[in-house]
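Student: I have a new structure to get to know. Can you walk me through it?

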Amino acid sequence: NEDLFKNIIGHAKEYGYVFQSSEIYDGLSAVYDYGQNGVELKKNLREYWWKAMVQMHENIVGIDAAIFMHPTTWKASGHTDAFNDPLIDNKTSKKRYRADVLIEDWVEKIRQKIDKEVTKAEKRFGEAFNKEEFLATNQRVLANQAKIDEVENRFKTAMENEDLADVKQLIIDLEIADPISGSKDWTDVRQFNLMFSTEMGSTAEGANKIYLRPETAQGIFVNFLNVQKTGRMKIPFGIAQIGKAFRNEIVARQFIFRMREFEQMELQFFVRPGEEMKWYDYWKEERIKWHKAIGIAQENYRFHDHLKLAHYANAASDIEYNFPFGFKELEGIHSRTDFDLKQHEIHSGKKLQYFDPEINESYVPYVIETSIGLDRLFLSILSDSYKEEQLEDGSSRVVLKIPAFLAPTKVAVLPLTKKDGLPEKAREILDELKLDMTCQYDEKNAIGKRYRIHDANGTPFAITVDHQTLEDNTVTVRDRDTMEQERMPIAELAAFLDKKVNM
Ligand code: ATP
């Protein structure tokens with residue numbers, strides 16, 4: 001799977017989906033740029049989300065808040081004091097790590113050891129049953145499992161009690177070595193705030209430290225009353241937002257899974273206190289349906305309900321996706337109570353209440369949040385779509401089977417040759433189709449090579465204009481996934497394609 005992931009990353013670069021930021025200067029770690037195909041896929045994902053959330057719900061509206069916010073916002077939300085990762089340095093390599101990730105990696109290694117033992121035992125079981133051997137394996141597996149539980153509990157307790165010395169001790173007790181130098185000589189663990197800061201205003205007028213928002217949610221909370229009043233919204237109602245967020249992540253790995261600058265698509269749904277569990281269940285259901293409707297492998301999604309809750313939540317669940325490196329969080333669904341609005345009331349001195357005419361009462365609403373990283377969603381689609389196929393004729397191809405409604409380019413229009421008026425005819429077709437969908441004209445290379453390139457780009461249909469086209473106004477339409485070609489009158493193309501490729 002590691003190789004597969006490398007191939008996916010390579011493909012993303014080769015076909016203009018994702019580039020390393022500032023690549024000519026050797027890149028900037030955990031920052032990425034989207035290329036000509038990536039920007040289209042991203043745009044389509046945004047649109048799919050926005051349509052499902054805002055257009056399809058009459059009680060949900062959108063906003064676009066600024067990235068910079070008043071610094072007190074982050075005091076109120078808890079980010080200034082508590083948005084931290086525990087860091088540790090290796091004294092030999094001088095490399096910096098997240099203590100929780102070092103421990104997580106250790107746990108993962110033991111897990112893999114268990115899996116290996118179990119697989120081996122199962123295989124041996126079929127060959128020759130040896131009771132002692134079986135029991136010994138069983139005991140080792142149980143002991144390792146117990147060890148994992150013990151380590152996870154100790155880490156959790158240490159973090160809850162802010163006992164950073166014990167986190168360091170745990171790393172020493174587990175004999176965790178620096179993956180680079182192999183050294184086990186660690187510094188103390190300290191907390192590191194993940195927010196990026198900068199200065200606003202010139203020094204002469206007194207500069208103020210401000211932050212790049214680490215989440216888009218707070219822009220919604222501080223605008224809660226503005227939207228409710230001007231939009232005459234009645235509870236329950238929601239505010240949706242798509243925008244950039246910034247986190248100074250320490251561990252930069254796994255490509256666009258964990259970035260320092262990324263994009264979030266968030267909904268904050270305001271409900272009557274006491275009704276939050278009903279809406280929490282409703283949104284869990286809605287969101288998983290939305291994911292599954294994309295049409296990629298259904299078994300790659302699962303819920304992970306949180307037992308340990310963040311300070312603001314009374315229920316939380318992640319939708320996880322089976323990335324090439326395993327099941328990981330794709331979207332978070334939280335019941336945030338009235339924590340954020342209450343905090344903003346305290347820090348701003350302004351009332352953030354809603355008068356509910358149905359029960360004749362004013363209250364601070366409770367909030368259900370759904371929050372998804374657009375870049376992670378992008379990665380899930382890319383990973384799922386990437387296929388290396390062996391064909392019947394012995395050749396092979398790489399194809400991106402991106403669902404057609406999300407594909408960057410919907411149709412490639414290809415004249416079979418560069419002469420005999422075929423290019424002109426092809427352009428005529430393209431000029432008609434481009435009013436309704438993204439198209440690409442391509443006359444370079446032999447036709448077979450061109451099909452492969454557009455397969456690799458993820459373009460679901462290729463239209464070929466040949467000499468017969470000039471006689472009877474028909475073209476062939478090639479399906480990316482089946483590679484089958486169908487002859488069709490030009491007059492029927494637009495309607496045929498529109499049904500297949502548009503959202
Ligand atoms: P993680 O535990 O993976 O760091 P998180 O629990 O901190 O994620 P949230 O604060 O719940 O994440 O953010 C909501 C969503 O934003 C996540 O589900 C994820 O899709 C996305 N996200 C968060 N951090 C990043 C990041 N550094 N890069 C890309 N996407 C991110």
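Here is a short chat about this predicted model.

Student: What mean pLDDT does the protein have?
Tutor: The mean pLDDT is 94. Of its residues, 98% reach 70 or more.

Student: And what ipTM and pTM does the predictor give the complex?
Tutor: The ipTM is 0.98. The pTM is 0.90.

Student: On to the ligand. Which residues come nearest?
Tutor: There are 16 residues around the ligand. Met-259, Phe-262, Gly-332, Ser-371 and Gly-373 come nearest.

Student: Which strands and which helix supply at least two residues of that shell?
Tutor: Strands E10 (261-271), E13 (326-337) and E16 (366-373) each do. So does helix H12 (374-385).

Student: Which one gives the most?
Tutor: E13, with four residues.

Student: How do the residues of the shell divide into nonpolar, polar and charged?
Tutor: Four are nonpolar, four are polar and eight are charged.

Student: New topic. At what angle do H13 and H16 pack?
Tutor: The angle is about 35°. The axes of H13 and H16 (residues 490-501) are 11 Å apart. H13 passes H16 in a right-handed crossing.

Student: Which residues make the contact?
Tutor: From H13, Ile-429, Glu-432 and Leu-433. From H16, Ile-490, Leu-493, Ala-494 and Leu-497. By class, the contact has six nonpolar residues, no polar ones and one charged.

Student: Where is Lys-434?
Tutor: Lys-434 lies in the loop between H13 (422-433) and strand E20 (439-441). Its C-alpha atom is 9.7 Å from that of Ala-494. Along the chain, Lys-434 and Ala-494 are 60 residues apart.

Student: Why does Lys-434 count as partly exposed?
Tutor: Because Lys-434 has 15 C-beta neighbours inside 10 Å. A residue is exposed at 12 or fewer and buried at 20 or more.

Student: Now the backbone. Which residues does a cis peptide bond join?
Tutor: Ile-235 and Pro-236, with omega about 5°. Pro-236 is in the loop between helix H9 (224-230) and strand E9 (237-246).

Student: What about Asn-360, what is its phi near?
Tutor: Phi of Asn-360 is near 60°. That is a positive value in a residue other than glycine. Asn-360 sits in the loop between strands E14 (354-356) and E15 (361-363).

Student: Is Asn-360 buried or exposed?
Tutor: Exposed, because Asn-360 has 7 other C-beta atoms within 10 Å.

Student: And where does Asp-420 lie?
Tutor: In the loop between strand E19 (411-415) and H13. Asp-420 has a positive phi of about 60°, although it is not a glycine. Asp-420 counts as partly exposed because it has 13 C-beta neighbours inside 10 Å.

Conventions. Residues are numbered from 1 along each chain as its sequence is written. This is a predicted model: local features need pLDDT of at least 70, side-chain atom pairs count only at pLDDT 80 or more; totals for chains, interfaces and linings use all residues. A residue is near a molecule or strand if its C-beta atom, placed from the backbone, lies within 6 Å of it. Ala, Val, Leu, Ile, Met, Phe, Trp, Tyr, Cys and Pro count as nonpolar, Asp, Glu, Lys and Arg as charged, and the others, Gly among them, as polar. Axes are lines fitted to C-alpha atoms, for helices over the stretch in contact, and angles run from 0 to 180 degrees between N-to-C directions. A crossing is left-handed if the near helix is turned anticlockwise from the far one by less than a right angle, and right-handed if clockwise. Two residues are in contact if their C-beta atoms, placed from the backbone, lie within 7 Å. pLDDT is the predictor's confidence in each residue, from 0 to 100.
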